[in-house]
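Open the model in your viewer and keep the selection tool ready. The tour goes stop by stop.

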Amino acid sequence: MSTLRLEIVTPERKVYDKDVNMVVVKGVGGDLGILPHHVPMVTPLKVAPVKAKIGNAEEFIAVHGGFMEVRKDKVVILAESAELGSDIDVIRAEQAKERAQHRLNEKQSEIDHKRAEAALQRALTRIQVGGH
Ligand code: ATP
């Protein structure tokens, strides 16, 4: 089975660097499945799990926004933060989720509302990936 290289990088570190068979991401325009020899492209990503397929196995990485660049047999994801399931503290994410939900129930400015929604989405993504 042919492979492509998946690299996930944050300002602090390289979170993921492996040969995989397929990458599935949530782009701002919808879900995208990237196979080897995909046409080159750049797209912003939503805060969501990224799925890497390796043979029959699947690995999930929590990716908090950023961009994906598809080049010849290489996918590079640059994000403000990203975590492997094994790096995720699910209890911390549950607490972040509760804080965000609490803030969303309060009357607040639009900017605070957007911030709480983004925090909620990060927490939900971490819970999904960390609980896998
Ligand atoms: P919290 O409110 O729990 O700090 P947050 O969404 O505000 O969550 P971020 O600003 O997105 O946190 O991330 C700050 C740093 O902490 C990043 O390096 C991120 O990878 C890490 N991080 C955040 N939440 C978790 C978690 N639940 N498990 C492991 N690492 C986390």
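Start at the loop between strand S4 (30–34) and strand S5 (41–44), and select His37, which lies there. Strands (E, at least two residues) and helices (H or I, at least four) are DSSP runs, numbered from the N terminus. This is a predicted model, in which local features need pLDDT of at least 70 and side-chain atom pairs count only at pLDDT 80 or more, while totals for chains, interfaces and linings use all residues. Residues are numbered from 1 along each chain as its sequence is written, and side-chain values use heavy atoms, with hydrogens and water left out.

Check the backbone of His37. Its phi is positive, about 70 degrees, although His37 is not a glycine. Most residues other than glycine have a negative phi. Is His37 buried or exposed? His37 is exposed, with a relative accessible area of 65%. The classes are buried (under 20% relative accessible area), exposed (over 50%) and partly exposed (in between), with a 1.4 Å probe and protein chains only.

Next, select Asp73. Asp73 is in the loop between strand S8 (67–71) and strand S9 (74–78). Here too phi is positive in a residue other than glycine, near 55 degrees. Asp73 counts as partly exposed, at 25% relative accessibility.

Now move to the strands. Select Val23 in strand S3 (residues 22–27). Val23 is buried, and its relative accessible area is 0%.

Go to strand S1 (residues 4–9) and pick Ile8. Ile8 is buried, with a relative accessible area of 0%. Draw a C-alpha to C-alpha distance from Ile8 to Lys114. It reads 25 Å, for two residues 106 apart in sequence.

Then select Lys18, in strand S2 (residues 14–20). Lys18 counts as partly exposed, at 33% relative accessibility. Lys18 and Glu7 are 11 residues apart in sequence, and their C-alpha atoms are 6.8 Å apart.

The last stop is the ligand.

Zoom in on the polar contacts (pairs of N or O atoms within 3.5 Å). A polar side-chain atom of Glu83 lies 2.5 Å from an oxygen atom of the ligand. For Arg99, a side-chain N or O atom is 2.7 Å from a ligand oxygen. For Arg126, the corresponding distance to an oxygen atom of the ligand is 2.9 Å. Taken alone, the ligand exposes 590 Å², and the protein buries 65% of that. These areas come from the Shrake-Rupley method with a 1.4 Å probe.

Notes: Polar contact = N/O pair within 3.5 Å; in protein donor to acceptor, adjacent residues only side chain to side chain.
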